[in-house]
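Student: I have a model open and would like to learn how to read a few of its features. Where do we start?

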Amino acid sequence: MAAALSPHIYSSSPFSTQNSWKTTVNHSIVIKLEKSSFICCSSKKKTGFMDQILDYIEGGPKLRKWYGAPELLPKDEGVEDEDEDESPELEQTRDAVLVTDGDSEIGQMVILSLIIKRARVKALVKDKRAAVEAFGTYVESIAGDVSDTPFLKKTLRGVRSIICPSSEGFLPDTESLKGVQHIVLLSQLAVYRGSNGIQALMQSNAKKLAEKNESIVMASNIPFTIIRGGLLQDTPGGQQGFSFKEGSAAQGRLSKEDAAFICVEALNAVPQRGLVFEVVNGEESVSDWKEFLTSMIQNADQQLQ
């Protein structure tokens, strides 16, 4: 197991369980669905991460039944907005994971990782029809304005955890997040802070937005995990190790598929207050992510004492 190195911490407490990043991802292809593009899988060569997902997203009724998912709805069903508000007594069990910016490339990767774990997934998207066609009933796709309080309240119904894989679609504030128990934010702030010259000038707005998003999450009074990744790359995940050294994210790189995987694994180790750590691809291996992240939380907690 990799050694935990200098994460920022605000205390600890665990969540559910799952294991390691051992699957291999092959060349991903992008499926064009009307207005949006959705990654489906690698269709050739050795079976890998995306192939497993395609096996049971497009595996037909028999395979969907095996994985416990309902039958896919006809093309036009399930796309219409449900305007009726559910009564308070019908409040669902909070077991869902909400993914913001669900139709972005990194958002789709997070969703696919959650599907592999058979999690209940809700996703904020721009094009609901394209999302429904891409993910079927495996994901509850939601389109709307998150600054609209009734819409946000409806979106958060049944949500236990939120994964924010990018600044797009980020929740405007956290006052209405009552009941949410964990927020995971994938941040590129370390990359923006490490840039200089013209690049720094071009990324100044993105840097301010990243700083704002981190500040909102830290001030939310909701347990949070902020993953400061290196520069995100379109390279296969599961084929490299990692480095968690402080300062590594400013110059290092991280596979988008690895980043998405780590976001999902972070759900298994919920700090009492919050955890901030850096990660890039490197030489260290992690065999049990829940154990590793819990150890990181505990070690950093001890440094504060």
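**A buried residue and its surroundings**

Tutor: Start with Asn213, which has 4% relative accessibility and therefore counts as buried. The general idea is a cut-off: a residue is called buried when its relative accessible area is under 20%. Keep in mind that this is a predicted model.

Student: In which helix is Asn213 placed?

Tutor: Asn213 belongs to helix α8, which covers residues 204-218.

Student: Which residues does Asn213 touch, leaving out those up to four places away in sequence?

Tutor: Asn213 touches Ser167, Phe170 and Leu185. Leu185 also stands opposite Ile226 in β9, and β9 is the strand to look at next.

Student: How many residues of strand β9 are buried?

Tutor: The same cut-off for burial, under 20%, is applied to each residue. In β9, residues 224-229, six of the six residues are buried, so the strand is largely enclosed by the rest of the structure.

Student: Which strands pair with β9, and in what sense?

Tutor: To read pairing, look for bridges between strands; at least two are needed. Strand β8, residues 182-187, pairs with β9 in the parallel sense over five bridges. Strand β13, residues 274-282, also runs parallel to β9, and six bridges join them. Within β13, Phe277 is the bridge partner of Ile227.

Student: Now helix packing. At what angle do α3 and α9 pack?

Tutor: Read the angle and the distance between the axes together. Helix α3 (residues 105-116) and helix α9 (residues 256-265) pack at about 50°, and their axes are 8 Å apart. Angles of 65 to 115 degrees count as roughly perpendicular and those under 35 as roughly parallel; α3 and α9 are therefore oblique to each other. Their crossing is right-handed.

Student: Which residues meet there?

Tutor: From α3 come Glu105, Ile106, Met109, Val110, Ser113 and Leu114. They meet Lys256, Glu257, Ala259, Ala260, Phe261, Cys263 and Val264 in α9. By class, this contact has nine nonpolar, one polar and three charged residues.

Student: And for the whole protein, how many helices and strands are there?

Tutor: The protein has ten helices and 13 strands. Of its 305 residues, 50% are buried. For contacts, consider how far apart the partners lie in sequence: among contacts between residues at least 6 apart, 71% join residues at least 24 apart.

Note on methods:
Residues are numbered from 1 along each chain as its sequence is written. This is a predicted model: local features need pLDDT of at least 70, side-chain atom pairs count only at pLDDT 80 or more; totals for chains, interfaces and linings use all residues. Side-chain values use heavy atoms; hydrogens and water are left out. Axes are lines fitted to C-alpha atoms, for helices over the stretch in contact, and angles run from 0 to 180 degrees between N-to-C directions. Helices (H or I, at least four residues) and strands (E, at least two) are DSSP runs, numbered from the N terminus. Angles under 35 degrees count as roughly parallel, over 145 as roughly antiparallel, 65 to 115 as roughly perpendicular and the rest as oblique. A crossing is left-handed if the near helix is turned anticlockwise from the far one by less than a right angle, and right-handed if clockwise. Contact means heavy atoms within 4.5 Å. Ala, Val, Leu, Ile, Met, Phe, Trp, Tyr, Cys and Pro count as nonpolar, Asp, Glu, Lys and Arg as charged, and the others, Gly among them, as polar. Buried means under 20% relative accessible area, exposed over 50%, partly exposed in between (1.4 Å probe, protein chains only).
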